[in-house]
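Here is a quick briefing to read alongside the model. Have the 3D view open as you go through it.

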Amino acid sequence: MNAPLRRVGVVVMVLFGLLFANLNWIQAYKADEYRTSDYNGRVQVAEYDRKRGNIEAGGTAVATSKETTGNLKFLRTYPSGAKYAHVLGYKPVNLADQGIEQVENDFLAGTSDQLIGDRLKDMFTGDDTGGGNVLLTLSKRAQDVAYDQLRNNEVGAKRGAAIAVDPRTGAIQALVSMPSFDPNPLASHDTNEAAAAYNKLEKDPDEPLKNRALGETLPPGSTFKIVVAAAALENGVTKTTQIPAGSSYTAPTSGTPIRNADPSICPTRQVTLLEAVTESCNTGFAQLGVRLGAETLKEKARQFGFEQEDLTVGQLGEGGLPTAASRTGTMQNQDGSTDPAALAQSSIGQNNVRMTPLEGAMIAGSIANNGSQMRPYLVRQLLAPDRTTSYYTAKARELRQPVEPPVAADLREMMVSVVQNGTGRKAAINGYTVGGKTGTAQSAPDRPDHGWFIGFALDKNGNPVSAVCVVLEQAGPGGSGEAARIAGQIMRAAIADPGGR
Amino acid sequence: MTVAATPAPSPATAGEQSGVRLARSRRNAELYLLLLAMVLVAAYGATVEANLLDTVTSDFWMPAAALGAVFLGLHLVIRFLAPFADPALLPAVALLNGLGVGFLRRIDLGDAPVAERESLAVFAGQGGRQLAWTLGAVILAAGLLAIMRDHRSISRYAYTLGLAGIVLVMIPAVLPSSISEINGAKLWVRVGSFSIQPGEFAKLALLVFFAYYLVRKREVLSLASRRFLGIDFPRGRDLGPVVGVWLISVLVLVFEKDLGTSLLYFGMFVVTLYIATERVSWLLIGLVLFFGGAYLAYVLGSTVGGPFANFYVRAEIWLDPFADPTNKGYQLVQGLLALGTGGLFGAGPGGGQPEILPEVQNDFIFAGIGEEIGLFGLSALLVVYLLIVERGLRAALAVRDSFGKLLAGGLAFTLGLQVFVIVGGISKLIPLTGQTTPFLSAGGSSLMANWLLIAVLLRVSDGARRPVTGGGGGKAARPSGGPPEQLHGAPTEVIKP
């Protein structure tokens, strides 16, 4: 019986050899794949071992990590709750990262290549100094006001957005999307609680997770007239040129007649361009648009930033929060020729024209900044874990030049007239020169209109200090006036913020 | 045949000197190896504490010392009751058992809140329970060594044990699922919070029966045959017991939903059959029957479902665990990720996160340990297992009677096969089935059964290595605990009344 026993011994060795070979396959060949697998919870535990850096706005930490006694050593908390949610995003255990938490994850987590020196230092000192800190451009006051005013708007709108930028730099001073959400439950270490909170937000018909300020495109209504006016000024029209107006206008081929919001607005046959802007004369701009042509209009909109798909808002280099592209949409018949009716509607910001609140603020900002549009950004500085070294400081960068300075000056004058004599009176700020343009956009035949306001504030020396866009979705009558009021409040807060200009 | 292979020289030719060399009991070597194993266990415990507590407590050595005392007791029992037993078996098993306790304690520490970790008592938690089970299992093993002074004496109870084995196998199958089912496999008998796995003991009882039956039948099984396609096939009537055991294992497969145990029983039987008859045809028949049965179960599971559905699902998970990584494939995927995270060197004891693995104290303990000791550590563990199996087979080679050969050979192979089934299962070499990892997994049944297995191997190796003392002398004349008589491989002698 010894011969088979010896063979059995060989068989056992072969079986163990198979085990050994298979372990080699898994632990050597496939090791990296398994180690970094999405289903591998260890990646997270390791991530939570180090204190994640702060995200700060105006010297206050708006995202910070608290030590816990649990398995995951640090809990991510957002002391301001829902106020900064759409900028910060959240850092959940099992769900996908969002917002600045996602964009600057490497630096916050301390794994960024930039922080290799700090990690090496940790190895020698035995300390763990945590991740780096991200300093935002947001003005605490402006953000407070934007959040509170939007939430408590006087027309009862449930959805909307507000964004304010510094026209000279592109630094974002406030960014709010309504409704907002509290990111704290999403960052809970109880993954079931986090998933439940997420599912609830995901199912909410008002889509609180959506960043409307950067990602939602809506018909801009009369705010788009600024783009049309810019095109007109570049094509031989001056602010005092008489343009055709009237109480009603029907495009050459077809369509429903375009009327003004109120019969008292530009009923005469002709008005000056300045008057048309100030009173928001629909018939005047519809005819102006048809005269200029679709291509001129589209090109001007493109120069202001329409159609840009790859703009991100974060640092001024790569990466950042994604934005939606604003669109002028088609204004053509099926045979490719321009449809004057569609062009007329597009000229007053209807038809297929769609704009993001960010684009609205950038248009106002570029006009305030003498025709120079700055690239918007949210990250002001990256600070080392010990706060002594700065790894990045934003240096303002021009994105494009939509209009020449003289055209910008004319547009500024007309927009200031809107706030001083026209539809945007509620945006006025004592001691500052405020300009802007209201917009009331039809959303759908049976739904209330959206209320828009885009505008800017200039200080005594004529330097731009803030540009803003506020939209109240389906706000109904008085929506654009309320948007103007809120815009004024936000700009006033941004000016008053000691951290601001 | 067996005599020729036995290294023991005849006293007449080799003389006194050679006899003395062979008669060395090597008990001191066993003691030193045992101490070395316990030092390793203590070092493991210290590393775990250093990683998890950031400090090594002053009583880190206590679990290792408690285990050491238990194993030292067994060492003394062996010294007196089985002085010529293989000296490598006890230290090797003690090392595995000790690492198992150490790892379970490490899981307890990992699960405990950070503040309470330092105050975790030696006998607290799963690690403590496993330590207590170890004490019980070692006492059982010592008891078996004391009662069974000669391994041939258990052949007297072969039929009783055979029947007991079948009953033990059947118990969980016939019991309602509420008592017998854990994680989809009906392998348990649960009474309150206490649960035992009768199958663990059944494999020992069945093996004694197999060995006894085959020693009796080996002549007829190996000689009476028909030649077909160049292979000798046995007569139909001799196939009866083989088919019977095959049916039992299929029954286990279907009603207890457990491929692993089924494979274990069947492999165990086929291999003892092969050792007894030296005929490859048995291996072929066995392999064809098993794989045929398994494939049939897979096909039936995919078409008919019913009792075979579980097997089909397991096979599908095995083929692609990442197809459903958060639900059906969750366990296997997490096991693979743990092993992969460990990589070549592992995270170090206490440095990984094995506590997030499902079933890390049972089926997936090898993956959990692998995360922390890496490929190199696991390879060492596999070598320790291999050492135990091959030392068992060596005892089978050296022992002089056929029953002992079959018993030790079968037991050693079964141990190796069980390691293969579970380690292969968690590393996706074969479909995953619920098996315990011998000496590592938490649980009393497995630990006790495997320590009893080691006690039998110790006893057989004692018989094998004991020097032959001159003249024969019948069974009656042999002093109690004395050397087993030479049987020269004569199968009929074993069953002499």
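The crossing of α15(B) and α16(B) is left-handed (the near helix is turned anticlockwise from the far one by less than a right angle; clockwise would be right-handed). This is a predicted model, where local features need pLDDT of at least 70, side-chain atom pairs count only at pLDDT 80 or more, and totals for chains, interfaces and linings use all residues. Residues are numbered from 1 along each chain as its sequence is written, with chains lettered from A and ligands numbered from 1 in the order in which they are written.

**The helix pair in chain B**

- α15(B) and helix α16 (residues 402-426) of chain B pack at about 165°, and their axes sit 8 Å apart (axes are lines fitted to C-alpha atoms, for helices over the stretch in contact, and angles run from 0 to 180 degrees between N-to-C directions).
- By class, the contact of α15(B) with α16(B) has 16 nonpolar, three polar and one charged residues (Ala, Val, Leu, Ile, Met, Phe, Trp, Tyr, Cys and Pro count as nonpolar, Asp, Glu, Lys and Arg as charged, and the others, Gly among them, as polar).

**Cores**

- The largest nonpolar core has 151 residues, and B:V208, B:A211, B:L407 and B:L457 have the most contacts inside it (such a core is a set of buried Ala, Val, Leu, Ile, Met, Phe, Trp, Tyr and Cys residues joined through C-beta atoms within 7 Å).
- Helix α15 (residues 365-398) of chain B gives the most to this core, 17 residues.
- Apart from this core lies another, of 137 residues, with A:V93, A:Y249, A:F304 and A:A441 among them.
- Leaving out residues up to four places away in sequence, B:L407 touches B:H151, B:L207, B:V208, B:A211, B:V456 and B:V460 (two residues are in contact if their C-beta atoms, placed from the backbone, lie within 7 Å).

**Where the chains meet**

- The contact takes 44 residues from chain B and 32 from chain A.
- α15(B) turns up again here, giving the most to the side of chain B that touches chain A, with 12 residues.
- The residues on that side of chain B split into 27 nonpolar, 14 polar and three charged.

**Chain by chain**

- Chain A has 18 helices and 19 strands, while chain B has 18 helices and six strands (helices, H or I of at least four residues, and strands, E of at least two, are DSSP runs numbered from the N terminus).
- Buried residues make up 56% of the 501 residues in chain A and 53% of the 497 in chain B (buried means 20 or more other C-beta atoms within 10 Å of a residue's own, exposed 12 or fewer, and partly exposed in between, with C-beta atoms placed from the backbone).
- Nine of the nine residues of helix α11 (residues 225-233) of chain A are buried, including A:K225.
- A:A195, in helix α9 (residues 191-203) of chain A, is partly exposed, with 16 other C-beta atoms within 10 Å.
- A:A195 and A:V93 are 102 residues apart along the chain, and their C-alpha atoms are separated by 9.8 Å.
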